Amino acid sequence: QVQLVESGGGLVQAGGSLRLSCAASGRTFSINGMGWFRQAPGKEREFVAAISWTNVNTYYAESVKGRFTIARDNAKNMMWLDMNSLKPEDTAVYYCAAVGRPLFGPTWYVRSMYDDWGQGTQVTVSS
């Protein structure tokens, strides 16, 4: 099992920026990729971005393309999400997730494919 801890959430004005961090521990050698999901009040948890641990591939939801950037450092077992040009609709609890199996194409976007989850960090964007 992989333990995940998110940090970096907070309150920011629309148009501002935040950086989320995710620290992984435990069976980190089993990680094949990691991702960020978010859940707004009353809504389903949705995919935001993901990154492969074994190649340079990254994946983004259409709603965040061009504004968010995902990055990772395998040696440090860390992942980040740089969020720019934030909008009120980005307000949500952001969750870090890890997956141990190889994923292909659309499976990166599927919540149920991920094995381990963090507790989440709140991001609030005021208008």
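Predicted model: local features only at pLDDT ≥ 70, side-chain atom pairs only at ≥ 80, totals over all residues.
Leaving aside neighbours within four places in sequence, with which residues is Trp53 in contact? Residues are numbered from 1 along each chain as its sequence is written, and side-chain values use heavy atoms, with hydrogens and water left out.

Trp53 is found in the loop between strand S5 (46-52) and strand S6 (58-60), where helices (H or I, at least four residues) and strands (E, at least two) are DSSP runs numbered from the N terminus. With neighbours within four places in sequence set aside, Trp53 is in contact with Ile31, Asn32, Gly33, Met34, Arg72, Asn74, Met78 and Met79, contact being defined as heavy atoms within 4.5 Å. The relative accessible area of Trp53 is 9%, so the residue is buried; buried means under 20% relative accessible area, exposed over 50%, and partly exposed in between (1.4 Å probe, protein chains only). Trp53 and Ser7, which are 46 residues apart in sequence, lie 20 Å apart in space, C-alpha to C-alpha.

An open sheet of four strands was assigned with the order S1-S3-S8-S7 and antiparallel pairing, two strands being taken as paired if DSSP finds at least two bridges between them. Strand S1 (2-7) and strand S7 (68-73) stand at the edges, each with a single partner strand, so that one side of each is left without a neighbour in the sheet. The twist averages 15 degrees from one strand to the next, with axes being lines fitted to C-alpha atoms (for helices, over the stretch in contact) and angles running from 0 to 180 degrees between N-to-C directions. Strands of a sheet pair through backbone hydrogen bonds, either parallel or antiparallel.

S1 and strand S3 (residues 18-26) run antiparallel and are joined by six bridges, with Leu4 standing opposite Ala24 in S3. S3 and S8 likewise pair in the antiparallel sense over six bridges, and the bridge partner of Ser21 in S8 is Trp80. Six bridges also connect S7 and S8, again in the antiparallel sense, and here Trp80 in S8 is the bridge partner of Ala71. In the hairpin of S7 and S8, which has four residues between the strands, Asn77 takes a positive phi near 55 degrees. Strand S8 (residues 78-83) is largely enclosed by the rest of the structure, because five of its six residues are buried.

The largest nonpolar core has 39 residues, and those with the most contacts inside it are Met34, Trp36, Met79, Leu81, Met83, Tyr94 and Tyr114; such a core is a set of buried Ala, Val, Leu, Ile, Met, Phe, Trp, Tyr and Cys residues joined through side-chain atoms within 4.5 Å. Strand S9 (residues 92-99) gives the most to this core, with six residues.

Thr121 has its place in strand S11 (residues 121-126) and is buried, with a relative accessible area of 11%. The side chain of Thr121 reaches the backbone nitrogen of Gly9 at 3.2 Å. With residues up to four places away in sequence not counted, Thr121 touches Glu6, Ser7, Gly8, Gly9, Leu20, Ala92, Val93 and Tyr94.

The structure holds seven salt bridges, a salt bridge being a side-chain nitrogen of Lys or Arg within 4 Å of a carboxyl oxygen of Asp or Glu. In one of them the side chains of Glu46 and Arg38 meet (2.7 Å, N to O); Glu46 is partly exposed at a relative accessible area of 36%, whereas Arg38 counts as buried at 6% relative accessibility. Glu62 forms a salt bridge with Lys65, with the closest N and O atoms 2.8 Å apart, and Glu62 counts as exposed at 61% relative accessibility while Lys65, at 44%, counts as partly exposed. A salt bridge also joins the side chains of Arg101 and Asp115 (2.5 Å, N to O). This pair links distant parts of the chain, Arg101 and Asp115 being 14 residues apart in the loop between S9 and strand S10 (116-117). Arg101 is partly exposed at 35% relative accessibility, and Asp115 is partly exposed with a relative accessible area of 38%. Salt bridges that share partners join Arg38, Glu46, Arg67 and Asp90 into one network.

How values were computed:
Polar contact = N/O pair within 3.5 Å; in protein donor to acceptor, adjacent residues only side chain to side chain.
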